[in-house]
Amino acid sequence: MSDSEKLDIADIRDHYRSPSDSKRCHSPEHHQSSISTVETSLSNKISLNKLPIIKVRNHPKNGYHALDEQIGASKMGTGMNQYRNAMKKLKSPLATVTDSYQDDIPYFKELRDIEYVPNDNVKFQERLNGYLIDLARRFSKMIIKQKIGIEEAIEEATVEWAQSNGPVPDVPRSIELDLLRAKQRRFQRRLKKNKEANDEEEQEEQEEQDDDTGNDGDEYVDSEDEKDAKEIEEKQQIVDSIKMVQRDFKLAMKQVEMNYYPQVYAIPGSPEFEYLTDSIHLISENKTICMSLDVEAFEFNQEIITEIGISIYDPRENIFTVTPNIRTYHLIINEVLNLRNKKMICDFKDCFLMGESIVLTLQECVNFLQSLINFYMIPKTEEDFTWCRAFVGHHVSGDLEWLANVGVNIPKVSFKVHSNNKKVGEEKDEKESEWKEKEHNSKSKSKSKSKSKSKSKSKSKRNNKKVADSKKKKLREFPTMSPVIVFALDTERIFKQTYGEISCNLGKILKLLKIPHAYLHNAGNDSFYTLHLILKLCDFNFRRMNGLDELDLMASRIRDWIRRDKEESNILPMSYAASVLDVIKSDQKREEAKIAKELAHEQGYDLNDDDNEDDDIRYESRGRGKGYRRIKKKDLVMQTEFGGSEWYPDAETAFLSSL
């Protein structure tokens, strides 16, 4: 990098002032100019071809993978082809059995023997039930208030409309009658003319005359008809103009109704309200094993998965803890390690905040996730069946569909959450009996149908029997799959059904609820924050403390954040610019140290080779003929530290490394 390309940290520091200078620090214009200047400097002085390569520890390819700007479109295409080839060869041995790597570890094996004991604390149950009853009453009162408020808002908007546009007109009855009579006269006249034209010769003559005059053969024109047509056109224009005003008025009033807040979307007694209250039951009673999933796909081909994030909250590991213990994994697909999102969304593949990212082949990623699902979502022991289980996600159905497409065997998922006072074990017995009853009914139906069929269909019956036998065999291999139902706790659905479809992406909800977060669009981070979000949304104490059930307050907060997002500039932390410069300068300073050493030797100065090899040491000239001075590098301390990524040959080794 030449002297003209050098970018010192002072170039960026000059655009910032100390926190005491409140006017400069809080001025949006100054802040925006600072950001734009930094971006311009970076874009002008940083060449994409000189960006450093990404380090993956223990990777077979010397541990380095370049960014897609370096490797070019041909290499990108190669990565996509490798992914497609891996998809064709996918075959997970864990998808047809209940085995998992966790069952071979004594600690995890003991978790299966822990039974769920319902909270017998009378005060807790009274508090929870009282909260849910109060929630229904609060929402019911809000519905009445909402109805009155909307009526008043519409009345006020009607007055404003009348002042600016005049009163909304109605179509005069006389005009409607005149229009109707004119149409009837014209219709009767044409009907009479058609009866008179029954003779074929007269019809042919009429057609020839119409062809000569350019008229349509179906139309009859005379002075009376012309007069009625003109009257119809005039009256119809008046009616259309009045109806257009009425339509605009209705649309304006509909907009007033939609913009009114607060509104109750989860009406007590509705499926939306039941989904909310049952979700609160499952989380608040601490009886649900939650597995949060997030998938990141390549922006130019949504069928290609680049990252998988998994976060697990197991109440069996949180019985005697004060802070929740959460296991989080970030899987990076090795075949598409070079593919980076950059056009539509930010790529934070290497910004996992909860530890080390795991780089595995697509096949091993499927094995890793399947093993976790088999352990956490598929019960084996009697004690295991006493716990509820749920997949968690922000629009979780999309993530489950993505994973199913790459061969992950997902248990039966229920998007209708139900919770009652029965023990989970009793619910499990009911599910099993219900499943067996359905299977018995289907068998009896098939037998009755087979008796009524003719002998010519005996071959198809034998084929159906083979298919049924193969299904039974599969169920015997995976006996718990059919009776077990895993719930789906969707943070997006809960938020929309409570506060409406406004500002409902993950980042905005986290900011609204003051949940610390950073580097979204990293699958591991997203799964972790989504799990935290569901624990907060369904914790009735958190909801009470932060006013989540006060719909008017929440609606005001949401709109305030929307307004601030539009008016205020984004904050660019100093560490971002420092991080970029630190990466660029590392190679530059090594080159400068090498040149300084050569010049020193030429001028007779002996520099310590050990010191010179240290990246933190560099030498600077004191002036012509005055020698060199040794300078220790002093860089800014970065705010965020990442765990990096490491390649593993198989899923089991990767999981054991996380313990």
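Here are some friendly notes on this predicted model, point by point.

1. Let's begin with the overall make-up. The protein chain has 659 residues, and buried ones make up 39% of them. Its secondary structure comes to 22 helices and twelve strands.

2. Next, the contacts and the surface. Among contacts in the protein chain with a separation of 6 or more, 77% are accounted for by residues 24 or more positions apart. The chain exposes about 38200 Å², and 50% of that area is supplied by carbon and sulfur atoms.

3. Two packed helices are described by the angle between their axes and the distance between the axes. For helix α6 (residues 122–165) and helix α10 (residues 271–284), the angle is about 160° and the axes are 12 Å apart. Since an angle over 145 degrees counts as roughly antiparallel, that makes α6 roughly antiparallel to α10. The crossing of α6 past α10 is right-handed.

4. Which residues of α6 and α10 meet? From α6 come Phe 124, Leu 128, Asn 129, Tyr 131, Leu 132, Leu 135, Ala 136 and Phe 139. From α10 come Phe 273, Leu 276, Thr 277, Ile 280, His 281 and Ser 284. The residues of this contact divide into ten nonpolar and four polar, with no charged ones.

5. Asn 58 is worth a glance in a backbone check. Its phi is near 65°, a positive value in a residue other than glycine. You will find Asn 58 in the loop between β1 (54–55) and β2 (64–65). Is Asn 58 buried or exposed? With a relative accessible area of 53%, Asn 58 is exposed, because the cut-off for that class is over 50%.

6. His 395 belongs in the backbone check as well. His 395 is not a glycine, yet its phi is positive, at about 65°. The residue lies in the loop between β7 (388–393) and α12 (396–405). The relative accessible area of His 395 is 41%, so this residue is partly exposed.

Terms used:
Residues are numbered from 1 along each chain as its sequence is written. This is a predicted model: local features need pLDDT of at least 70, side-chain atom pairs count only at pLDDT 80 or more; totals for chains, interfaces and linings use all residues. Side-chain values use heavy atoms; hydrogens and water are left out. Axes are lines fitted to C-alpha atoms, for helices over the stretch in contact, and angles run from 0 to 180 degrees between N-to-C directions. Helices (H or I, at least four residues) and strands (E, at least two) are DSSP runs, numbered from the N terminus. Angles under 35 degrees count as roughly parallel, over 145 as roughly antiparallel, 65 to 115 as roughly perpendicular and the rest as oblique. A crossing is left-handed if the near helix is turned anticlockwise from the far one by less than a right angle, and right-handed if clockwise. Contact means heavy atoms within 4.5 Å. Ala, Val, Leu, Ile, Met, Phe, Trp, Tyr, Cys and Pro count as nonpolar, Asp, Glu, Lys and Arg as charged, and the others, Gly among them, as polar. Buried means under 20% relative accessible area, exposed over 50%, partly exposed in between (1.4 Å probe, protein chains only). Accessible areas come from the Shrake-Rupley method with a 1.4 Å probe; for residues, only the protein chains shown count as cover.
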